[in-house]
Amino acid sequence: LLTQTFASPTTTKIIADFTTKYPNVRHVAFDTIASSEALDAFEAAYGVRALADYDFSKAETIVSVGADFLGDWQGGGYDGGYAKTRVPHKDHGKASMSKHFQFEANMTLSGANADIRVPATPTAQKNILAHIYGALTGTAVSGSLSSAHKAKVNEAVSALKAAGSKAVVVSGIEDKGAQALVLAINNSLQSEVMDASQPRMIRSENGEEVKAVIESVVAGTLGGLITVGINPVNTLPEGEAFNGIDS
C-alpha cells in the first residue's frame, strides 16, 4: 500500500485497521517532494517522524544553509512570518530588523531577499553548517572553509550569538547528519523560532522503504501494489522503469 502522507488521524487509523486485517500488506508513505533526511534526523532526536516547524516572526537572526524557506521548503508558508521581521521598527528606542544570511549554490527567492547572500557549493554548505555548530558549541569539527566563507561564517555566528533565543538556523541539505546539526544548533541557541513540540506532519516518507518498493516492482517480486493519492510513474525519477516501460 503506497500512499501520500496523511496528516489525518482518522485516515491513519483506517490504514492501521486495514493492515491489521490483512497482515500481508505493508504500508509505505511516498512524498512527491521528499524530506527523508530531515525526517530521519527529527525522528532520531524526538521520536516522531515529522518536520520541525518555524515561526520566523520571532526571529532576529536567520541563517539559512541551502534552504529556500520563502519558497516551498518543507511545505512552504513561512513568508508571512518572515515579512513581519523585515519591516524596520523601533525596539527600546533603537531601530530593529531581522538579519538574514543565506548560503546557497543557486539563486533562490530566499537568497534574493537576504541581507547577506554567499554562494556556496553543496559540499561547502556542509562544512559551513559544521563550523557554525562548532563555533556555537565549542566542538571541534572537520572540513575546511575558504577564507571568504570563513569570514562570513564568523559574521553569522556573531549575529546568532547576539540574538540568542531569537536566532534560528535552517538547512535544505539532503543529509541526515547535517539535519541533525541544525536541530542541535537551534537547541543550543534555545531558539524560540523552531518549534519541535508541535511539528509539521505533512511528510513522512522513508527513502529506504520507497527504494525497496521500487526495486520490488521493477524486479517483479512484489505480489501486488495499491497506490492512493499519488502517481509514482509521473513523480519518481525511476517512473518509466516503475511502469514497466523500457527507457
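Tutor: Start with α5 and α7: α5 passes α7 in a left-handed crossing. Left-handed means that the near helix is turned anticlockwise from the far one by less than a right angle, and right-handed means clockwise. Helices are DSSP runs of H or I with at least four residues, strands are E runs of at least two, and both are numbered from the N terminus.

Before going on, note the ground rules. This is a predicted model, where local features need pLDDT of at least 70 and side-chain atom pairs count only at pLDDT 80 or more, while totals for chains, interfaces and linings use all residues. Residues are numbered from 1 along each chain as its sequence is written, and side-chain values use heavy atoms, with hydrogens and water left out.

Back to the pair. α5 and α7 pack at an angle of about 30°, and their axes are 10 Å apart. That makes α5 roughly parallel to α7. The cut-offs are these: under 35 degrees is roughly parallel, over 145 roughly antiparallel, 65 to 115 roughly perpendicular, and the rest oblique. The axes are lines fitted to C-alpha atoms, for helices over the stretch in contact, and angles run from 0 to 180 degrees between N-to-C directions.

Now the residues. From α5 come Leu129, Ala130, Ile132, Tyr133, Leu136 and Thr137, and they meet Ala178, Leu181, Val182, Ala184, Ile185, Ser188 and Leu189 in α7. This contact has 11 nonpolar and 2 polar residues, and no charged ones. Contact means heavy atoms within 4.5 Å. For the classes, Ala, Val, Leu, Ile, Met, Phe, Trp, Tyr, Cys and Pro count as nonpolar, Asp, Glu, Lys and Arg as charged, and the others, Gly among them, as polar.

α7 also meets α2. Helix α2 covers residues 36–46, and its axis comes within 8 Å of that of α7, crossing at roughly 50°. α2 and α7 are therefore oblique to each other. The crossing is right-handed. On the α2 side are Glu37, Ala38, Asp40, Ala41, Phe42, Ala44, Ala45 and Tyr46; on the α7 side are Lys176, Gln179, Ala180, Leu183 and Asn187. By class, that gives 8 nonpolar, 2 polar and 3 charged residues.

α5 has another partner, α6. Helix α5 spans residues 122–137 and helix α6 spans 147–163; their axes come within 10 Å and cross at roughly 45°. They are therefore oblique to each other. This crossing is right-handed. Ala124, Ile128, His131, Ile132, Ala135 and Leu136 of α5 touch His149, Val153, Val157, Leu160 and Lys161 of α6. The classes here are 8 nonpolar, 2 polar and 1 charged.

Next, the charged pairs. The model has 9 salt bridges, each a side-chain nitrogen of Lys or Arg within 4 Å of a carboxyl oxygen of Asp or Glu. One of them involves Asp40, a residue in the α2 contact with α7. Asp40 pairs with Arg49 at 2.8 Å, N to O. Arg49 counts as buried at 15% relative accessibility, whereas Asp40 is partly exposed at 22%. Buried means under 20% relative accessible area, exposed over 50%, and partly exposed in between (1.4 Å probe, protein chains only). Asp40 and Arg49 also belong to a salt-bridge network with Glu43.

Lys126 forms a salt bridge with Asp175, with the closest N and O atoms 3.7 Å apart. Lys126 sits in α5, and Asp175 in the loop between β9 (167–171) and α7 (176–189); 49 residues separate them. Both are partly exposed: Lys126 at 40% relative accessibility, Asp175 at 25%.

A further pair is Arg200 with Asp53, whose closest N and O atoms are 3.3 Å apart. It links strand β10 (residues 194–200) to strand β3 (residues 51–54), 147 residues apart in the chain. Arg200 is buried at 17%, and Asp53 is partly exposed at 22%.

Last, look past α7. Gln190 lies in the loop between α7 and β10. Its phi is near 55°, a positive value in a residue other than glycine. Gln190 is exposed, with 64% relative accessible area.
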